[in-house]
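Dear colleague,

Please find below the sequence and structure that I am handing over to you. My findings follow directly after them.

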Amino acid sequence: MKSIFKPKLLSVLKGYNSQSFQKDLFAGIIVGIVALPLAIAFAVASGVSPEKGLITAIIAGFLISFFGGSRVQIGGPTGAFIVIVYGIVSQYGLEGLMISTFLAGIILVVFGLLRLGAILKFIPHPLIVGFTSGIALVIFSTQIKAAFGLQLDSVPSEFIEKWVCYLSNLNSINEYAISISIGTILISLYAGKLIPKIPGSFVAIIVMTVLVQLLNLPVNTIESVYGDIPNSIGFDMPSIDWSLIHNYFQPALTIAILGAIESLLSAVVADGMIGGNHRSNTELIAQGIANIFSPFFGGIPATGAIARTATNVKNGGRTPVAGIVHALTLLLIMLVFGKWAKLIPMSCLAGILIVVSYNMSEWRTFRSILKGSHFDIIVLLITFLLTVLVDLSVAIEIGIVLAALIFMYRMSIINGVMPVETDSDEIQNYNEIPKEVEVYEISGPFFFAAAKRYQETLRELKHTTSVLIIRMRHVPFIDATGIRNFTEIIKTLEKRNTKIILSGVNKEVQQEIERSEITKYISEYNILDNFDDAINLAKEKLE
């Protein structure tokens with residue numbers, strides 16, 4: 001039996017050389033610079049002081065890379081946690097956040113020990129898009145006060161009441177704050193085209209902070225709101241009232257589930273970029289360790305960060321050493337330059353978070369799902385609305401239950417009406433098929449629980465295969481997750497110059513395919529009714 005906990009760092013250090021270290025060193029420094037403004041902004045948006053974001057990126061980022069199951073995962077505070085952390089701090093205070101984060105870490109370790117890494121991959125794609133887009137909208141709404149420089153003592157936590165408050169105080173808009181926010185957004189989006197190796201958000205912070213100080217602009221800064229930023233890391237034990245411990249289990253479970261989903265999703269994206277395979281249970285245990293220790297140093301919840309992980313890969317990082325360098329880079333910046341961070345304008349941080357919320361929104365995917373199955377649309381919209389209007393914990397819980405109920409309903413209908421196929425279109429002698437042609441058959445629904453397994457099986461296809469026939473006569477339906485995974489595997493096979501033919505596609509599945517981007521890679525000419533025609537077309541392609 002394979003070991004549950006086997007950090008990737010131990011595996012990759014075998015044969016590690018100076019050339020690999022140079023690549024990891026460069027990537028780690030770049031990611032550390034990228035993480036600096038994000039860590040500060042995420043902390044401020046979460047309702048805690050800026051240094052807590054930096055501490056999280058340092059402590060949790062180091063532990064996730066050191067103990068993690070992914071070669072290139074970068075850990076730290078993320079936008080996904082802003083809503084839940086803000087709610088915990090508002091209701092239970094900083095000690096409540098520390099206890100909730102600690103309990104979430106224990107839950108994540110238990111998830112890993114129980115080998116639940118594979119089960120968490122079954123979370124349907126519309127549900128993930130629903131709460132991610134909802135979080136993005138909530139983050140955007142929380143930044144309006146700072147972005148417009150509104151003079152408000154307090155802002156309601158409820159979404160609709162918050163916007164009513166904004167609209168009724170438009171007379172207190174600060175034109176300088178708006179200018180800084182717009183400038184930050186533009187620099188964040190376009191600076192990378194002029195200076196590819198330096199992140200736009202970092203450039204924006206430097207430029208806007210210098211402008212505010214030189215011109216003495218009347219805008220709020222981190223110092224005016226939070227005071228000085230400590231340039232040291234301490235250790236603190238919270239005083240726990242055991243009679244109230246039950247209050248923290250729901251927020252802790254939400255942090256754990258959200259952290260598990262985000263980290264494994266990030267690891268899967270990273271696998272696709274480097275052609276690797278992460279160890280999901282080891283990754284969960286590492287995330288748990290990071291969240292157990294982070295709060296004792298003043299940190300907040302942490303998980304795998306998709307954008308920073310992608311930046312790591314694009315800059316040459318290929319082992320956990322890059323993630324460790326990223327954490328040490330942030331530590332050095334905090335110790336040496338931390339005292340200057342207090343001068344950063346709050347409207348500049350708001351601009352950075354507005355860009356983050358836009359990137360998180362996944363509006364193209366959101367729109368794509370709205371064109372698909374009405375079952376996926378129901379899960380998407382209900383999860384989205386609950387996240388925005390009610391609570392993230394409620395959204396995740398109800399979304400998972402709703403997705404399960406819809407799946408059971410769809411399966412009950414399919415099982416009742418599935419016809420018995422005849423063998424009239426079968427080729428009995430498979431020896432007649434050319435050796436360059438492979439035939440795979442997908443049997444059963446191509447839905448969120450099976451899509452990953454189908455994808456992994458098709459990835460094992462031999463590189464010598466010229467034509468792949470995928471028989472889909474027993475696929476009753478395909479959902480948004482199936483479409484997404486199917487598209488990814490088709491892209492991979494296209495890069496290998498493997499031609500793909502679909503055979504026996506029923507009307508409902510074909511309609512879903514035609515509404516998706518799969519048709520960019522497979523023409524209607526390659527989607528056939530029966531197997532005989534598929535074989536003949538495969539022979540034509542070989543000729």
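**Helix α11 and its partners**

The axes of α11 and helix α12 (residues 280–293) approach within 10 Å and cross at roughly 130 degrees. Please bear in mind throughout that this is a predicted model. The crossing of α11 with α12 is right-handed. On the α11 side, the contact is made by Ala 260, Ser 263 and Leu 264, which meet Ser 280, Glu 283, Leu 284 and Gln 287 of α12. By class, this contact has three nonpolar, three polar and one charged residues.

Helix α11 (residues 249–274) also packs with helix α13 (residues 306–314), their axes coming within 9 Å and crossing at roughly 20 degrees. Angles under 35 degrees count as roughly parallel, and α11 and α13 are therefore roughly parallel to each other. This crossing, too, is right-handed. Here α11 contributes Leu 265, Ser 266, Val 269, Ala 270, Met 273 and Ile 274, while α13 contributes Ile 306, Thr 309, Ala 310, Val 313 and Lys 314. The residues of this contact divide into eight nonpolar, two polar and one charged.

**Helices α8 and α15**

Helix α8 (residues 175–194) and helix α15 (residues 346–360) have axes that come within 8 Å and cross at roughly 45 degrees. The two helices are therefore oblique to each other, and their crossing is right-handed. From α8, the residues Ala 177, Ile 180, Ser 181, Thr 184, Ile 185, Ser 188 and Leu 189 meet Ser 347, Cys 348, Gly 351, Ile 352, Ile 354 and Val 355 of α15. Eight of the residues in this contact are nonpolar and five are polar, with no charged residue.

**Two loop residues**

Val 219 lies in the loop between α9 (200–215) and α10 (222–226). Is Val 219 buried or exposed? Its relative accessible area is 14%, and since buried means under 20%, Val 219 is buried. Apart from neighbours within four places in sequence, Val 219 is in contact with Asn 174, Tyr 176, Ala 177, Ile 180, Val 212 and Pro 345. Val 219 and Glu 175 are 44 residues apart in sequence, and their C-alpha atoms are 9.5 Å apart in space.

Ile 233 is placed in the loop between α10 and α11. With a relative accessibility of 29%, Ile 233 counts as partly exposed. Leaving aside neighbours within four places in sequence, Ile 233 is in contact with Ile 55, Ile 58, Phe 297, Leu 331 and Met 334. Ile 233 and Leu 215 are 18 residues apart in sequence and 33 Å apart in space, C-alpha to C-alpha.

**Nonpolar cores**

The largest nonpolar core has 101 residues, of which Ile 40, Phe 111, Phe 131, Ile 135 and Leu 349 touch the most other members. Helix α4 (residues 82–113) gives the most to this core, with 13 residues. A second, separate core of 23 residues includes Phe 446, Leu 468, Val 475 and Ile 513. As for Leu 349, its contacts beyond four places in sequence are Pro 37, Ile 40, Ala 41, Val 44, Ile 205, Ile 222 and Ile 344.

With kind regards

Technical notes: Residues are numbered from 1 along each chain as its sequence is written. This is a predicted model: local features need pLDDT of at least 70, side-chain atom pairs count only at pLDDT 80 or more; totals for chains, interfaces and linings use all residues. Side-chain values use heavy atoms; hydrogens and water are left out. Helices (H or I, at least four residues) and strands (E, at least two) are DSSP runs, numbered from the N terminus. Buried means under 20% relative accessible area, exposed over 50%, partly exposed in between (1.4 Å probe, protein chains only). Contact means heavy atoms within 4.5 Å. Axes are lines fitted to C-alpha atoms, for helices over the stretch in contact, and angles run from 0 to 180 degrees between N-to-C directions. Angles under 35 degrees count as roughly parallel, over 145 as roughly antiparallel, 65 to 115 as roughly perpendicular and the rest as oblique. A crossing is left-handed if the near helix is turned anticlockwise from the far one by less than a right angle, and right-handed if clockwise. Ala, Val, Leu, Ile, Met, Phe, Trp, Tyr, Cys and Pro count as nonpolar, Asp, Glu, Lys and Arg as charged, and the others, Gly among them, as polar. A nonpolar core is a set of buried Ala, Val, Leu, Ile, Met, Phe, Trp, Tyr and Cys residues joined through side-chain atoms within 4.5 Å.
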